[in-house]
Structures are given as C-alpha cells and as structure tokens.
Amino acid sequence: MASTLGFVKYVAEQLQDAGKIAYRRMFGEYGLYCNGIFFSVVCDDQFFVKITSEGENAFPYLPKSPPYKGTRDYFLVENIDDRELMEKLTKVTCSALQTPKPKKRRD
C-alpha cells in the first residue's frame with residue numbers, strides 16, 4: 001500500500017518548526033528532507049526517521065522497524081499528532097546527520 005499525499009503533507013506540517021521541510025516521491029513512497037538533509041521516509045502512511053546514536057540517546061523508548069522489507073531499522077513514530085516529539089527527533093537526527101563523518105585513511 002502506497003502512502004497518500006495527504007498523510008505526507010500532514011507530517012510535513014507537523015514538522016514546520018523543525019526547519020525547512022521538503023518531500024519527494026521515492027520508489028512509490030516519500031522521502032523527507034529538513035534543511036536539505038534526507039532524514040526520513042514515509043511508507044504505507046507511517047513516519048520513519050533514520051536512527052542515529054544521538055537519536056537513540058534522546059529517544060530510547062521509540063520503537064524501531066524497517067520501513068519496508070530488506071532495509072535497516074528506522075525509528076517508527078506512531079503518534080504523528082505529537083508535534084513536539086517529532087520536531088525534537090527531527091532536529092536531533094538532522095544535527096547528527098549533518099556532522100561530517102571522519103574519512104577512513106588509506107594506508
């Protein structure tokens with residue numbers, strides 16, 4: 001079952017104070033961006049957020065699930081009416097994702 005545009009727009013509206021939210025269709029579902037950083041997917045009208053160590057520390061109680069078969073786990077935000085939780089999780093996640101990872105040295 002594909003996600004509905006109305007659900008995606010509602011999620012984006014809930015996140016409006018987290019930053020500039022954009023979405024685009026990807027593989028029949030939707031990818032979400034905050035200030036240009038890809039951080040989330042909406043699959044089957046469910047909101048999934050990438051897992052970072054910072055996100056796990058701040059929200060250890062959030063359930064984890066793969067958005068679709070064959071992918072790694074994401075946080076599954078079940079209560080999309082909790083704007084405060086969604087905004088905080090988005091900010092923590094995007095802050096962690098924008099930090100450059102150390103490059104591996106070749107010996």
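This report describes the sheet, the helices, the cysteines, the salt bridges and some backbone angles of one predicted model.

The model is predicted, so local features are given only at pLDDT of at least 70 and side-chain atom pairs only at pLDDT 80 or more, while totals for chains, interfaces and linings use all residues. Residues are numbered from 1 along each chain as its sequence is written, and side-chain values use heavy atoms, with hydrogens and water left out.

**The sheet**

Helices (H or I, at least four residues) and strands (E, at least two) are DSSP runs, numbered from the N terminus. An open sheet is formed by 6 strands in the order 1-2-3-4-6-5, with antiparallel pairing. Strand 1 (21-26) and strand 5 (64-65) are at the edges with a single partner strand each, so one side of each has no neighbour in the sheet. Two strands count as paired if DSSP finds at least two bridges between them.

Strand 4 takes part in two pairings described here. With strand 3 it pairs in the antiparallel sense over 4 bridges, and V42 stands opposite F47 in strand 4. With strand 6, strand 4 pairs in the antiparallel sense over 3 bridges. Across that pairing, F48 stands opposite L76 in strand 6, and V49 stands opposite F75 in strand 6.

**The helices on the sheet**

Contact means heavy atoms within 4.5 Å. Axes are lines fitted to C-alpha atoms, for helices over the stretch in contact, and angles between N-to-C directions run from 0 to 180 degrees. Helix 1 packs on the sheet and touches strand 1, strand 2, strand 3 and strand 4. The direction of helix 1 makes about 155 degrees with that of strand 1. Helix 3 lies across strand 2, strand 3, strand 4 and strand 6, and runs at about 135 degrees to strand 3.

Helix 3 (residues 83-98) has 16 residues and spans 22 Å from its first C-alpha to its last. This is close to the 22 Å expected at 1.5 Å a residue, where the expected span is 1.5 Å times one less than the number of residues.

Which residues of helix 3 are buried? They are L85, M86, E87, L89, T90, T93, C94 and A96. Buried means under 20% relative accessible area, exposed over 50%, and partly exposed in between (1.4 Å probe, protein chains only). The cover over these buried residues includes helix 1 (5-14), helix 2 (53-58), strand 2 (29-34), strand 3 (37-43), strand 4 (46-49) and strand 6 (74-77). T93, in helix 3, is buried at 0% relative accessibility. Leaving out residues up to four places away in sequence, T93 touches F39, V49, K50 and T52.

**Cysteines**

A disulfide is a pair of cysteine sulfur atoms within 2.5 Å. The structure holds 0 disulfides. For C34, the nearest cysteine sulfur is that of C94, 4.4 Å away. For C43, the nearest cysteine sulfur is also that of C94, 17 Å away. C34 is buried, with a relative accessible area of 3%, and C43 is buried, with a relative accessible area of 3%.

**Salt bridges**

A salt bridge is a side-chain nitrogen of Lys or Arg within 4 Å of a carboxyl oxygen of Asp or Glu.

| Lys | Glu | Closest N and O atoms |
|---|---|---|
| K64 | E56 | 2.9 Å |
| K88 | E84 | 3.0 Å |

K64 is partly exposed at 38% relative accessibility, and E56 is partly exposed at 32%. K88 and E84 both lie in helix 3, 4 residues apart, about one turn of the helix. K88 is partly exposed, with a relative accessible area of 44%, whereas E84 is exposed at 51%.

**Positive phi angles**

Most residues other than glycine have a negative phi. F27, in the loop between strand 1 and strand 2, has a positive phi near 55 degrees. F27 is exposed, with a relative accessible area of 81%.

The hairpin of strand 3 and strand 4 has 2 residues between the strands, and D44 there takes a positive phi near 50 degrees. D45 lies in the loop between strand 3 and strand 4 and has a positive phi of about 55 degrees, although it is not a glycine. D45 is partly exposed, with a relative accessible area of 21%.
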